[in-house]
Amino acid sequence: MDTIIAIKDFLWDYVLVYLLIFSGIFITIRLGFPQITKLAESFRALKRARTETKKKGLVTPLQAFYTSLAAQIGTGNVAGVGAAIVLGGPGAVFWMWISGLLGMAVIYAESVLAISFREEKDGEVFGGPAYYLKNGIKNKALGKFLASLFAILVLIALPFAGNMVQSNSIANSVQSSLNISPVYTGAFIAVLLSFIIIGGAKRIGKVAERVVPFMIFLFLLHGFAIIIKNYQMLGGVISSIFSNAFSSQAVVGGVVGVTIKQSIKNGLARGLFSNEAGMGSTPHANALADVDHPAEQGMISMLTVVVDTFVVCTMSALIILITNAHMVETSNYTTVLQNGFDIALGGSGNVFFTITLFFFAFTTILGWYYYGESNVMYLFGKDAINYYKIFAIIAVVAGTIISVDTIYTISDLFNGFMVIPNTIGILLLSKFVLDKKKEYDRLNVSK
């Protein structure tokens with residue numbers, strides 16, 4: 001176990017952060033800073049997105065947008081932000097924003113590729129990194145190898161190990177705040193998940209379209225209430241985020257003093273983990289969008305990073321810093337934000353946090369389930385999907401009743417490994433993405 005932890009820490013601390021930063025900067029420059037030049041157009045594209053699909057097997061751009069958000073907004077927005085601030089100080093929030101800015105360009109590229117190289121099988125549409133790695137890379141042997149490797153890594157990291165962690169987080173929170181046994185929580189999650197996934201990608205998209213806006217609104221509503229209640233602290237908190245981001249001296253961050261290097265590393269790493277840009281997960285949802293041109297969904301998908309990192313993660317960070325919840329010593333980073341709610345709202349804060357965590361984690365389970373299904377289809381074909389559904393449901397139930405410390409580490413490790421083949425593909429196919437962007441711009445000019 002110590003060896004697995006050492007590999008995971010080395011991978012995230014010394015390989016993936018730099019790989020994701022490099023790819024983010026490279027794609028940003030190559031595409032002409034789309035996160036800035038295309039931001040206003042992204043909002044217009046989202047506003048005019050069609051509400052009905054023209055083709056069987058596809059979902060509306062909004063449903064793809066919310067399914068992607070469902071997976072992105074999860075425990076990373078809770079435990080991830082808490083860990084970033086405890087380990088990296090207030091300045092880590094600034095570097096989280098930087099990761100979001102770079103991630104917007106990467107997620108644009110992922111979406112363009114996902115739609116461009118998706119496949120239709122038996123009336124259903126599937127897409128994602130496995131498909132654009134296989135179909136897009138000119139060296140077919142390399143493409144097929146990277147595609148198969150990615151598909152295997154996804155299945156281990158997300159619908160199985162990852163979803164066990166998500167369901168475990170729900171069960172622990174429900175037990176601590178409402179004193180409900182994890183067994184009952186597991187059964188409830190299993191029934192709810194079964195009902196939704198029977199309807200396939202379309203039902204997942206429809207559920208996400210209704211639940212995700214509600215859960216974000218509810219979270220922001222309580223967040224603003226906490227900020228208003230402690231408005232006199234806000235100026236100092238914002239000042240500390242910027243000053244500590246560039247301070248060459250040790251700053252206070254939770255139970256230890258941290259340096260600017262730790263602030264940068266933790267802010268970037270946790271931000272990238274939260275918005276999932278470069279991991280190759282969100283392209284599975286965006287691949288199903290019924291749009292006239294791949295670049296259209298590319299622009300819309302950039303807004304998922306805006307919501308995830310610049311809205312939800314930022315609100316989590318402000319709650320933690322305003323209440324000084326990061327100063328309470330803890331070994332479980334999920335409780336950092338929970339402490340913030342408890343400090344600000346008392347007993348009702350704990351209940352609300354449980355509700356928030358349930359929505360965040362369950363919608364992630366839905367998104368990650370679908371991402372797994374797409375890769376089961378790639379590896380084993382349609383006949384294997386029914387077996388996959390059974391195992392996926394068993395995994396979330398098991399996650400509520402067993403200790404998942406080892407599973408958590410394995411999930412983090414394979415999440416990290418996913419980045420490598422996906423990033424190689426994005427870099428190799430970056431010219432294709434640029435050509436699609438130019439094509440879309442020409443079409444818009446000619447209208």
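Select D435 to begin: at 35% relative accessibility, D435 counts as partly exposed. Buried means under 20% relative accessible area, exposed over 50%, and partly exposed in between, with a 1.4 Å probe and protein chains only.

Before moving on, know what is on screen. This is a predicted model, where local features need pLDDT of at least 70, side-chain atom pairs count only at pLDDT 80 or more, and totals for chains, interfaces and linings use all residues. Residues are numbered from 1 along each chain as its sequence is written, and side-chain values use heavy atoms, leaving out hydrogens and water.

**Stop 1: D435 and its partner**

D435 and K431 form a salt bridge, with their closest N and O atoms 3.1 Å apart. A salt bridge is a side-chain nitrogen of Lys or Arg within 4 Å of a carboxyl oxygen of Asp or Glu. Side chains of opposite charge can pair when their charged atoms come close. K431 is also partly exposed, at 48% relative accessibility.

Now colour residues 430-446, which make up helix 19. D435 and K431 sit four residues apart in this helix, so about one helical turn separates them. Helices (H or I, at least four residues) and strands (E, at least two) are DSSP runs, numbered from the N terminus.

**Stop 2: K436 and E439**

Stay in helix 19. Select K436 and E439, three residues apart, about one turn of the helix. Their side chains meet in a salt bridge at 3.6 Å, N to O. E439 is partly exposed, with a relative accessible area of 30%.

**Stop 3: K437 and D441**

D441 is partly exposed at 21%. Both lie in helix 19, four residues apart, about one turn of the helix. Salt bridges that share partners join K38, E41, K437 and D441 into one network. Within it, the closest N and O atoms of D441 and K437 are 3.6 Å apart.

**Stop 4: zoom out**

Show the whole protein. How many salt bridges does a search of the whole structure find? The count is seven. The protein has 19 helices and four strands. Along its principal axes, the C-alpha trace spans about 50 × 45 × 45 Å. Finally, colour by burial: buried residues make up 60% of the 447 residues.
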